[in-house]
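Please look through the sequence and the structure shown here before reading on.

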Amino acid sequence: MTRLLRLLASAGMLVQQPDGRFVLSDKGQLLRSDVPDSLRDVVWVFAGPLTQRLWADLEHGLRTGGPVFEHAYGVPAFGYFPQHPDEGMVFNRAMTYFATDRRRGSRRVRLLGVRHRSRCRWRPRHARPQHPAGQSRCPGNGV
């Protein structure tokens, strides 16, 4: 258990006290469900079991060009959530987090080491359209 706690401390989620106890860091506090602007649901959506299964089936999508979610779960994503309301609520809370204040959400998610691009799809730097003064068309997310 100590190794796991030290791993989390090295990632900045915990802080080890002089007496050997571990406490949540400021970054770790963001994963609590009872704090304002919690990122718990966002992390669950991006790194939870639902998404892990999608990563496991990624090869299917790459080989066929078909939807990975539908292959993994047998239904399209928005058909899945009504059948699994608990997971649907977590997904909705995570998406609402980004919709309420995109700049705040992006800053917080970057704090946890995850990059989120909500409005523009990613393109290689050389393929991005340049706008006046070299600005991209998606301010705030570098795309």
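## The chain as a whole

Of the 143 residues in the protein chain, 29% count as buried, and it should be kept in mind from the start that this is a predicted model. The chain contains 9 helices and 2 strands, and when it is read along the sequence these elements follow the pattern α-β-β-α-α-α-α-α-α-α-α.

Contacts can also be described by how far apart their partners lie along the chain. Among the contacts in the protein chain with a separation of 6 or more, 30% are accounted for by residues 24 or more positions apart.

## Helix 3 against helix 8

Helix 3, which covers residues 40–47, packs against helix 8, residues 85–100, at an angle of about 115°, and the two axes are 8 Å apart. Because angles of 65 to 115 degrees count as roughly perpendicular, this angle makes helix 3 roughly perpendicular to helix 8. The crossing in which helix 3 passes helix 8 is left-handed.

On the side of helix 3, the contact is made by Asp41, Val42, Trp44, Val45 and Phe46, while helix 8 contributes Val90, Phe91, Arg93, Ala94, Met95, Tyr97 and Phe98. Sorted by class, the contact of helix 3 with helix 8 has 10 nonpolar and 2 charged residues, and no polar ones.

## Helix 3 against helix 4

Helix 3 also packs with helix 4, residues 49–56, at an angle of about 25°, with their axes 5 Å apart. Angles under 35 degrees count as roughly parallel, and helix 3 and helix 4 are therefore roughly parallel to each other. Trp44, Val45, Phe46 and Ala47 of helix 3 make this contact together with Pro49, Thr51 and Gln52 of helix 4. By class, the contact of helix 3 with helix 4 has 5 nonpolar and 2 polar residues, but no charged ones.

One of the residues named in this contact can be followed further. Threonine 51 lies in helix 4 and is buried, since its relative accessible area is 15%. When its neighbours within four places in sequence are left aside, threonine 51 is in contact with Val45 and Phe46, both of which belong to the helix 3 side of the contact.

## The largest nonpolar core

Which residues touch the most other members of the largest nonpolar core? Of the 16 residues in this core, they are Val42, Leu50, Tyr73 and Tyr80. The elements that give two or more residues to the core are helix 3, helix 6 (68–73), helix 7 (77–83) and helix 8. Helix 8 gives the most, with 5 residues.

Leucine 50 can be looked at on its own: apart from its neighbours within four places in sequence, leucine 50 is in contact with Phe69, Tyr73, Tyr80, Phe81 and Glu87. Valine 75, found in the loop between helix 6 and helix 7, is buried, with a relative accessible area of 19%, where the cut-off for buried is under 20%. Not counting residues up to four places away in sequence, valine 75 touches Phe69, Glu70, Tyr80 and Gln83.

## Residues that are partly exposed

Is histidine 60 buried or partly exposed? Histidine 60, which lies in helix 5 (residues 58–64), has a relative accessible area of 26% and is partly exposed. With residues up to four places away in sequence not counted, histidine 60 touches Gly65 and His71. The C-alpha atoms of histidine 60 and histidine 71 are separated by 7.8 Å, and these two residues are 11 residues apart along the chain.

The loop between helix 2 (26–29) and helix 3 holds aspartate 37, and arginine 32 lies in the loop between helix 2 and helix 3 as well. Aspartate 37 has a positive phi of about 60° although it is not a glycine, and at 30% relative accessibility aspartate 37 counts as partly exposed. Arginine 32 is partly exposed, with a relative accessible area of 32%, and, not counting residues up to four places away in sequence, arginine 32 touches Leu24, Ser38 and Arg40.

Technical notes: Residues numbered from 1 in each chain as written. Predicted model: local features only at pLDDT ≥ 70, side-chain atom pairs only at ≥ 80, totals over all residues. Heavy atoms only, no water. Axes fitted to C-alpha atoms, helices over the stretch in contact; angles between N-to-C directions. Helix = DSSP H or I, 4+ residues; strand = E, 2+ residues; numbered from the N terminus. Parallel < 35°, antiparallel > 145°, perpendicular 65-115°, else oblique. Left-handed = near helix turned anticlockwise from the far one by under 90°. Contact = heavy atoms within 4.5 Å. Nonpolar A, V, L, I, M, F, W, Y, C, P; charged D, E, K, R; others polar. Core = buried A, V, L, I, M, F, W, Y, C linked by side-chain atoms within 4.5 Å. Buried < 20%, exposed > 50% of the residue type's maximum accessible area, 1.4 Å probe, protein only.
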